[in-house]
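Work through the exercises below with the sequence and the coordinates at hand. Each task is followed by a stepwise solution.

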Amino acid sequence: MDTKNSPPVCNYEGSDYQTSFWDQGGRQYEDRTEAIALKRLLPKSGRLMLELGAGAGRNTSRYAGFDRIVVLDYSRTQLEQAQERLGQSDKYIYVAADVYRLPFIDDLFDGATMIRVLHHMADAPKALRQIKNVMASGGIFILEFANKLNLKAILRYLLGRQKWSPFTLEPVEFVELNFDFHPDAVQNWLKELGFSIERILTLSHFRVGFLKRFVPTGILVFFDSIFQWTGAWWQYTPSVFMKAVRAKQEAGSVKRTLSVLGYFKCPDCGGSALVDKTDYLECSSCKKRWEFKEGIYDFREPIKN
Ligand SMILES: [Zn+2]
């Protein structure tokens, strides 16, 4: 495998994550509070949205205000599930790719979201830098991350039941390829990349087993939606949403293209001249071939000759 010193990727290939976690896993509360947060943070309309780690497309229809949405995931089988849900049309472009090696030209997207994905990033700053590069100036990036500075972790730490400190800036890997982050660390990374943080919402204030069992979901969702605004002042919940805006560049730096082919660059050599050969795209610079099959562009590994 050609990993090009990329950090390891958490792969949901063949996973029934959508069914087991979301549909039957008692995650209605989390799903509904996310829908509310997205509504609060997303612009009403937009041109081109990049959904990073879209999975089976649970959130995708919430971005319908954008003319077109690039639905990206590392797992092809997750994208197939997203296709079943959303259908094949000009509105949705399905792309299998590694977040560390994004196959897009610079300054392309005026919107991007990454929800429940940073959680699996061994090198978060590297991933965020890739995202910054493909975003247009003034573009809006909505990032969700798992917060290590949550009340449960703080209590466990203070009671001596947990070794790692929730107060320090470094990420904690509590299970292999599952990371929680300090809100200040995430803010620092975004600011270093030239993003300004426009709004912070906190979610899942009531992610507690007995509450979820005994209190009707609608009531929990209602109170969570009110408490989300307190994210502006403090962040002690397991899930945090940030709305970041990419700094404006000098005029003329934004590339606008209508053809889907024009979005892409070769993730291996960076060449932006890809030639459409029906079943694959061929890079004019390094001649690598990237598969296009059943409506999914695959930029993970080039086709072997
Ligand atoms: Zn190339």
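The model is predicted, so local features are limited to pLDDT of at least 70 and side-chain atom pairs to pLDDT 80 or more, while totals for chains, interfaces and linings use all residues. Residues are numbered from 1 along each chain as its sequence is written, and side-chain values use heavy atoms, with hydrogens and water left out.

**Exercise 1. Give the strand order of the open sheet and identify its edge strands.**

Step 1. Helices (H or I, at least four residues) and strands (E, at least two) are taken as DSSP runs, numbered from the N terminus. Two strands pair if DSSP finds at least two bridges between them.

Step 2. Eleven strands form the open sheet, in the order β8-β9-β5-β4-β1-β2-β3-β13-β12-β11-β10, and the pairing is mixed.

Step 3. β8 (195–203) and β10 (274–276) pair on one side only, which marks them as the edge strands.

Step 4. On average, neighbouring strands of this sheet are turned by 20° against each other, direction ignored. Axes are lines fitted to C-alpha atoms, for helices over the stretch in contact, and angles run from 0 to 180 degrees between N-to-C directions.

**Exercise 2. Describe the pairing of β5 with β9 and find the helices that lie on the strands.**

Step 1. β5 (residues 135–146) and β9 (residues 239–246) run antiparallel and are joined by seven bridges. F145 has V240 in β9 as its bridge partner.

Step 2. Helix α2 (residues 28–41) packs on the sheet and touches β5, β8 and β9, where contact means heavy atoms within 4.5 Å. The direction of α2 makes about 150° with that of β8.

Step 3. Helix α3 (residues 76–86) lies across β2 (66–73), β3 (92–96), β12 (289–293) and β13 (296–298). The angle of α3 to β3 is about 170°.

**Exercise 3. Which residue forms a salt bridge with R76?**

Step 1. Side chains of opposite charge can pair when their charged atoms come close. The criterion is a side-chain nitrogen of Lys or Arg within 4 Å of a carboxyl oxygen of Asp or Glu.

Step 2. The structure holds 16 salt bridges. In one of these, R76 pairs with E291, and the closest N and O atoms are 3.8 Å apart.

Step 3. R76 is in helix α3 and E291 in strand β12, so the pair links distant parts of the chain, 215 residues apart.

**Exercise 4. Describe the largest cavity, then the largest pocket.**

Step 1. On a 1 Å grid over the protein atoms alone, a cavity is a set of points where a 1.4 Å probe fits but cannot get out; a pocket is an open set with protein on both sides within 12 Å along at least five of seven lines; lining residues have an atom within 4 Å of a point. Points are joined across faces, edges and corners, and a volume is the space filled by probe spheres set on the points.

Step 2. There is one cavity of 30 Å³ or more. The largest cavity holds about 460 Å³ of space. It is lined by 32 residues, of which G53, G55, D73, R116 and V117 are the closest to its centre.

Step 3. The largest share of this cavity lining, three residues, comes from α1. The lining of the largest cavity has 19 nonpolar, eight polar and five charged residues. Here Ala, Val, Leu, Ile, Met, Phe, Trp, Tyr, Cys and Pro count as nonpolar, Asp, Glu, Lys and Arg as charged, and the others, Gly among them, as polar.

Step 4. The largest pocket has a volume of about 1,100 Å³. Of its 35 lining residues, N150, K152, D180, R207 and P238 are the closest to its centre. α5 gives the largest share of this pocket lining, five residues.
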